[in-house]
Amino acid sequence: MNLSSEQKYLPFTRPSLDEETISAVVEVLRSGWLSTGPQVKNFEESLAEYLNTNNTHRTSSVSRVVKSFTSATEALEVALRVCGIGPGDEVITPSFSFVATSNVILKIGATPVFVDVDLGTRNLKLEDIPKVITQKTKAIMPVHFAGRSVDLQELYYYANKFNLRVIEDAAHAIGSSWQGEKIGSRGDIVVFSFHPNKNITTIEGGAISIDANRSTEIKEIELHRFHGIIKDADNNTDVLIAGGKSNLSDVAACVGVGQLKQLDRFNQRRKELVELYYKLLSVTEKQRSLLQLPLYPQDQLNREGHSWHMFTPLLNLKKLKITRQEFISSMHKLGIGVGIHYPAIHLFELYGKLGYKRGDFPNTEEIGATTITLPLFPAMEDSDVHRVCAAINTLFSTH
Ligand SMILES: Cc1ncc(COP(=O)(O)O)c(C=O)c1O
């Protein structure tokens, strides 16, 4: 690696854990109670409170309940089950996502029905939903890609029109909002991820946010999360379904409690870093022709509500003399990590078996083939962004 002695490797993402959280975790480790307990209760209540407050444009007075999980993947699967979705049913979702989004649909025996995404926002083309509706369609599972909210008004318009459940894959969107309302503060079922590369982490983890009035579904979520077991007031146990095992530990939840306190600050810093990327990467004609930046949110409220989980420009490989992999390797040699989020799901072998093929979703395929994820995490300095942009400029000038 050609790194000068003072330059450290800059990964494309890194979690920020403060000393207060680390000390709190040590206390939990010493407490003798490691699995689900008071920390999980605290984390779930704190997250519900976070979602239920600070909504500048709240339109309903309904509050939310949060149920935590060992991952968003588990939470998405349980959400589908609670909606009664199973074999023979179809779920509309983008092919442009992490594969967990559509894998869980397959796993419960239903069929993912893909729709293309918009090249600028990278979010599901909602206007294409009516084209794929059949008698079997039961739900829409959109992704708020990189923390940019899907248009919730249009999404729920189609859901109501076609009588569909909505499971929002908000794995990237903790702290995001749409028109001033936090993602997860409204809507049908909303699922977050707390994997270490997300805006806040519980090491591994996820959560469901659901309307507090849906007591039957909330109970079902709990059953699926822990073996289908219920206990009555006298602590008598019964089992109602063959549930799974995806309850969060107190150790993980304690990390989440510490992270949640810093979420707004983290997201603010992400926004500042992204502003700098936009400023530095759209200066010259050459940059603009070789790198297509994600569409900058024009609407002020939605700009403020973008949590910038990732910054993912597209490389214009038709004009560049190097491949994406060569670009990534060259950046790596300069000590800069670059990721790929995500390859098109419908082109994976498993999804080819459903009949999907190249050409089905042109925008998803173009993004999948040309996208790069540049370093973005709250502990980055402005100088890190300058360094990344200088490295890109050097590569562009030689290729
Ligand atoms: C869009 C999306 N959905 C779901 C998941 C699954 O999250 P988890 O790793 O918490 O299971 C991820 C993880 O990266 C994701 O990016």
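1. In which sense do β2 and strand β4 pair, and over how many bridges? β2 and strand β4 (residues 137-140) run in the parallel sense and are joined over 3 bridges, where two strands are said to pair if DSSP finds at least two bridges between them. Within this pairing, V91 has A139 in β4 as its bridge partner. Helices (H or I, at least four residues) and strands (E, at least two) are DSSP runs, numbered from the N terminus.

2. On the basis of the note, this is a predicted model, in which local features need pLDDT of at least 70 and side-chain atom pairs count only at pLDDT 80 or more, while totals for chains, interfaces and linings use all residues. Residues are numbered from 1 along each chain as its sequence is written, and side-chain values use heavy atoms, with hydrogens and water left out.

3. On the sheet as a whole, 7 strands form an open sheet with mixed pairing, in the order β1-β9-β8-β5-β4-β2-β3. Its edge strands, each pairing on one side only, are β1 (64-69) and β3 (111-115), and the twist from one strand to the next averages 25°. Angles here run from 0 to 180 degrees between N-to-C directions, and axes are lines fitted to C-alpha atoms, for helices over the stretch in contact.

4. On individual strand pairs, β1 and strand β9 (residues 206-211) are antiparallel over 6 bridges, and V65 stands opposite I210 in β9. By comparison, β4 and β5 pair in the parallel sense over 2 bridges, with I140 opposite V166 in β5.

5. On the helices against the sheet, helix α2 (residues 38-52) packs on it and touches β1, β8 (189-193) and β9, its direction making about 140° with that of β1; contact means heavy atoms within 4.5 Å. Helix α4 (residues 100-107) also packs on the sheet, touching β2 (90-94), β3 and β5 (165-169), and its direction makes about 145° with that of β3.

6. On helix-helix packing, helix α1 (residues 19-31) and helix α8 (residues 250-260) pack at an angle of about 155°, with their axes 9 Å apart. That angle makes α1 roughly antiparallel to α8, a term used for angles over 145 degrees. T21, A24, V25, V28 and L29 in α1 meet D250, V251, C254, V255 and G258 in α8.

7. On the domains, the assignment gives domain 1 (19-260) and domain 2 (263-398), with bounds that come from an automatic or database domain assignment. The contact takes 42 residues from domain 1 and 40 residues from domain 2.

Terms used:
Parallel < 35°, antiparallel > 145°, perpendicular 65-115°, else oblique.
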